[in-house]
Amino acid sequence: MKQAFCIPSPAVRPSACPGLLRIVQAKDGGICRIKLPCGRLDVDQAERIARAALQHAGGVIEATNRGNLQIRGIRAGNEDALIGELLDAGLGPRTPGADDVRNLMVSPAAGVDPQALVDISPLAAELLATLENTPRLHALSPKFALLLDGGERLAMLEHPHDIWLCALPLEEGVGYAFGLAGCPPVSANDAPALAIVPATQAHALIIALLDLFLELAKPEQTRMRHLQENHAPAELLQRLQERLGDALLPAGEWRRAPAQGNAHLGVHAQRQPGLVHIGAATVLGRLDTRQLLGLADLARRYGDGNLRLTPWQSVLLANITETAADAVIHSLHAIGLLTDASEPLARIIACTGASGCAKGLADTKADALRLGELLPAGEEQPGIHLTGCSRSCAAAHRAPFTLLAVAEGRYDLFARQPLGNGFGQLLGHHLTPDEAAELLASLTATRSFTR
Ligand code: SF4
């Protein structure tokens with residue numbers, strides 16, 4: 001589907017965040033972020049992204065931690081042509097001002113996950129359409145983020161969201177627990193949900209919350225957590241009750257069932273008998289054009305013609321027959337993707353680092369590859385995050401272990417604490433990747449870490 005508006009447009013706001021219409025410069029060239037509705041794109045679109053990345057950039061495509069794709073290394077002078085090709089492939093927003101508000105996360109397995117209480121896809125589609133078609137909502141920050149959770153076993157519950165909704169069973173049908181500026185509660189210590197809304201009111205609730213935010217927030221308050229500095233959750237709930245009448249119910253001690261670890265990798269049965277979804281991780285969040293074309297080919301031959309990007313910087317192929325699973329796994333390995341959670345590189349994430357970002361103090365990607373060679377294999381091994389500076393672009397959550405660059409080839413090692421802030425407890429200072437690997441191996445051997 002071709003979008004008709006011209007680019008660049010005055011409706012595109014200045015921001016440090018890349019968008020499809022706003023290419024942001026980095027050390028290694030321009031970055032264009034393609035926000036995918038619910039993380040999905042069809043195989044034709046995937047092929048067009050691959051071709052555009054080769055023609056207008058260096059062929060490097062990144063899977064982001066919000067289930068989007070971005071092309072980096074865009075050559076100067078090629079920006080408009082690249083944007084035009086992506087719009088021509090139907091990857092742009094419905095109007096130029098709507099690109100930034102497409103920050104809605106759902107499970108990559110929505111509609112096929114056997115544990116889900118509801119297929120969240122229709123509500124997500126309705127909400128995305130409202131966000132894009134309602135100009136007053138385009139004032140939201142490019143970082144303002146929403147989560148719709150259908151109760152899937154494959155769910156990213158660790159990323160904080162400005163607004164989150166989780167499906168739960170009610171006496172009559174399904175409802176949604178919801179909360180602000182955080183994550184759905186899983187354990188007793190987690191902040192509880194604000195209230196519960198019946199499914200029929202879920203869309204109205206979200207729009208009422210967005211309107212409330214836009215009415216109350218000062219210009220410098222771009223996120224829900226900022227607004228809560230002046231307006232307590234109880235006050236926001238009362239204002240919401242006034243708008244929605246008697247729709248809201250108390251959430252009590254409701255807790256979300258934990259998600260299944262590593263369900264984004266490998267073969268998993270779907271709710272549809274005889275079908276499976278298969279997940280494969282990129283190495284450190286990067287795909288080359290050959291890999292993206294290979295994924296499109298697999299989805300076309302064995303799947304439903306779509307790719308689903310995940311917040312684990314991986315890809316899900318859905319609706320594959322059980323009998324084809326082995327062939328698909330074999331092909332995914334052949335193009336260099338990871339399907340086994342025991343592989344060290346499947347649990348390491350790294351930001352762009354010094355090779356592509358001026359703020360990076362170390363080449364995090366190269367050091368992460370070295371770490372991957374040294375760390376032990378095993379499904380129960382904890383996740384590790386290498387970050388070139390404290391901005392932590394690669395991780396929206398706190399990883400069990402964080403390596404924060406302090407100089408070229410040198411890192412401070414932190415372990416996540418259950419209730420702490422920041423990266424956690426400092427365990428080692430000024431470590432080389434080899435020294436960090438040795439310390440990590442000894443810590444994980446004694447299981448001295450918090451999952
Ligand atoms: S975390 Fe720092 S070094 Fe890494 S990409 Fe972000 S700004 Fe650059």
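This report describes the sheets, helices and nonpolar cores of a predicted model.

Residues are numbered from 1 along each chain as its sequence is written. In this predicted model, local features need pLDDT of at least 70 and side-chain atom pairs count only at pLDDT 80 or more, while totals for chains, interfaces and linings use all residues; side-chain values use heavy atoms, with hydrogens and water left out.

**The five-stranded sheet**

Helices (H or I, at least four residues) and strands (E, at least two) are DSSP runs, numbered from the N terminus. Two strands pair if DSSP finds at least two bridges between them. An open sheet with mixed pairing contains five strands in the order β6-β7-β8-β9-β10. Its edges are β6 (104-105) and β10 (195-198); each has a single partner strand, so one side of each is left without a neighbour in the sheet. β6 and β7 (residues 146-149) run parallel and are joined by two bridges. M105 has L147 in β7 as its bridge partner.

Two helices touch this sheet. For the angles below, axes are lines fitted to C-alpha atoms, for helices over the stretch in contact, and angles run from 0 to 180 degrees between N-to-C directions. Contact means heavy atoms within 4.5 Å. Helix α3 (residues 121-133) packs on the sheet and touches β6, β7 and β9 (174-182), and its direction makes about 160° with that of β7. Helix α4 (residues 202-216) lies across β7, β8 (161-169), β9 and β10, at about 160° to β8.

The expected span of a helix is 1.5 Å times one less than its number of residues. The table sets this beside the distance between the end C-alpha atoms.

| Helix | Residues in helix | Expected span | End-to-end C-alpha distance |
|---|---|---|---|
| α6 | 12 residues | 16 Å | 16 Å |

Buried means under 20% relative accessible area, exposed over 50%, and partly exposed in between (1.4 Å probe, protein chains only). The buried residues of α3 include L123, L127 and L131, and their cover includes β6, β7, β9 and α4.

In α6 (residues 233-244), the buried residues are L236, L237, L240 and L244. Seen down the helix axis, they fall within an arc of 100°, so they line one face of α6; the arc is that of the directions from the helix axis to the C-beta atoms. On the other side of α6, A234, Q238 and E242 are exposed. Among the elements that cover the buried residues of α6 are β9, β10, α4 and α5 (224-227). After α6 comes G245, with a positive phi near 70°.

β1 (residues 24-26) pairs with β2 in the antiparallel sense over three bridges. The two strands form a hairpin with two residues between them, and A26 stands opposite G29 in β2. Five of the six residues of β2 (residues 29-34) are buried. β2 also pairs with β5 (residues 69-74), in the antiparallel sense over four bridges, where C32 has I71 as its bridge partner.

**The nonpolar cores**

A nonpolar core is a set of buried Ala, Val, Leu, Ile, Met, Phe, Trp, Tyr and Cys residues joined through side-chain atoms within 4.5 Å. The largest has 46 residues, and I71 is one of those with the most contacts inside it, as are L20, I49 and L86. Helix α1 (residues 43-56) gives the largest share of this core, six residues. A second, separate core of 45 residues includes C38, L148, M224 and L248.
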